[in-house]
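Colleague: I would like a close look at one part of this model. Please give cut-offs along with the values.

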Amino acid sequence: MSEAEAISLESPGKGVSNMRSLERAMDVLDALAKHEGPVRLADVARATGLHRATALRILTTLQKRDYVTSDAGGYRIGVAVLAAAHAFLVSDSVSRAATPVLQELAATTGLTASYHVRSGMERIVVARVEGTYPLRYQLPIGRRLPLYLGAGKVLAAWMTEADLEELISTAGTMRSAEGLVITPEALRGQLALIRTRGYNITVNERAVGTSGASAPVHGSDGDVVGVATLSGPSERHSIDELEAWVPELRRAAGALAAAQARVL
């Protein structure tokens, strides 16, 4: 019998209660992580579906451990989360293995190379190497990005139908960086094209002034476990240039898959 099973047999009610409390605390942290500024208590409660008193109790507990901080504007992620992120970066074998591949890709193409993985209905940047002409905006490690824009669509293209339905239902009105509405029907058509081509090219979609190419990274079972991307200023890099770099990008995606297989 495992330790977890023994604990469950000793106090099943307490175990369920503790797990629910943990899930609620994670929901609160997720709600704060999705905002770059302070979040009011009422908005935290609304985003998590918690009663305001429950949300306040969780925020207070997290604040005692420096996972949350607050000021007159509301609540924000605390410094302890940064320490946890650093621990991930120095200990995660996948992101470490990706860096040399991205360095070679960036050196070859002159574009910024990055690697993203899916987290729920979003993607997260886990490794990045700047190109010759850095992007005008910062794309920091750990940044959450939508799955219905840019490289995120490569991950969405291989999602199950149930997950795709959840993405569409929870995303609300989907818009590009230029404000163009993306209908569910249009998104499905784009995802079908990506599956057929095996890569994606975008211009001014997730960020104005930026063009990019992305390709899936497949796991040993064939599932898509991440996406490799090339990006740069759109005034310097045309669609034709990005298309020309797709073979190199796909080779890098294969190298990322091999590197990930070695460390897992």
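Which side chain does that of Arg 188 meet in a salt bridge, and at what N to O distance?

Modeller: The model is predicted, so local features need pLDDT of at least 70 and side-chain atom pairs count only at pLDDT 80 or more, while totals for chains, interfaces and linings use all residues. Residues are numbered from 1 along each chain as its sequence is written, and side-chain values use heavy atoms, with hydrogens and water left out.

The side chain of Arg 188 meets that of Glu 161 in a salt bridge, with 3.0 Å from N to O. Arg 188 belongs to helix H9 (residues 184–197) and Glu 161 to helix H8 (residues 161–171), so this pair ties together parts 27 residues apart in sequence. The criterion for a salt bridge is a side-chain nitrogen of Lys or Arg within 4 Å of a carboxyl oxygen of Asp or Glu. Helices are DSSP runs of H or I with at least four residues, numbered from the N terminus. Arg 188 has 29% relative accessibility and therefore counts as partly exposed; Glu 161, at 47%, is also classed as partly exposed. On this scale, buried means under 20% relative accessible area, exposed means over 50%, and partly exposed lies in between (1.4 Å probe, protein chains only).

H9 takes part in another such pair. Glu 243 and Arg 197 form a salt bridge whose closest N and O atoms are 2.8 Å apart. Here Glu 243 lies in helix H10 (residues 239–263) and Arg 197 in H9, so the link joins parts 46 residues apart in sequence. Glu 243 is partly exposed at 27% relative accessibility, and Arg 197 is partly exposed with a relative accessible area of 29%.

For context, 13 salt bridges are found over the whole structure. Among them, Arg 76 pairs with Asp 71, the closest N and O atoms being 3.3 Å apart. The relative accessible area is 32% for Arg 76, which is partly exposed, and 39% for Asp 71, again partly exposed. Elsewhere, Asp 30, Glu 122 and Arg 144 are linked in a network of salt bridges.

Helix H6 can be set beside these pairs. H6 (residues 93–109) has 17 residues and spans 25 Å from its first C-alpha to its last, close to the 24 Å expected at 1.5 Å a residue; the expected span is 1.5 Å times one less than the number of residues. A kink of about 25° lies at Thr 99, shortly before Pro 100; the bend is the angle between axes fitted to the seven residues ending at a residue and the seven starting there. Buried residues of H6 include Val 94, Ala 98, Val 101, Leu 102 and Leu 105. An α-helix has 3.6 residues a turn, so residues three or four places apart point the same way.

Thr 109 is in H6 and is buried, at 8% relative accessible area. A polar atom of the side chain of Thr 109 lies 2.9 Å from the backbone oxygen of Leu 105. The side chain of Thr 109 also reaches the backbone nitrogen of Leu 111, at 3.1 Å. After H6 comes Gly 110, with a positive phi near 80°.

Methods
Helices (H or I, at least four residues) and strands (E, at least two) are DSSP runs, numbered from the N terminus. A polar contact is a pair of N or O atoms within 3.5 Å; within protein, one must be able to donate a hydrogen and the other to accept it, and residues adjacent in sequence count only if both atoms are side-chain atoms.
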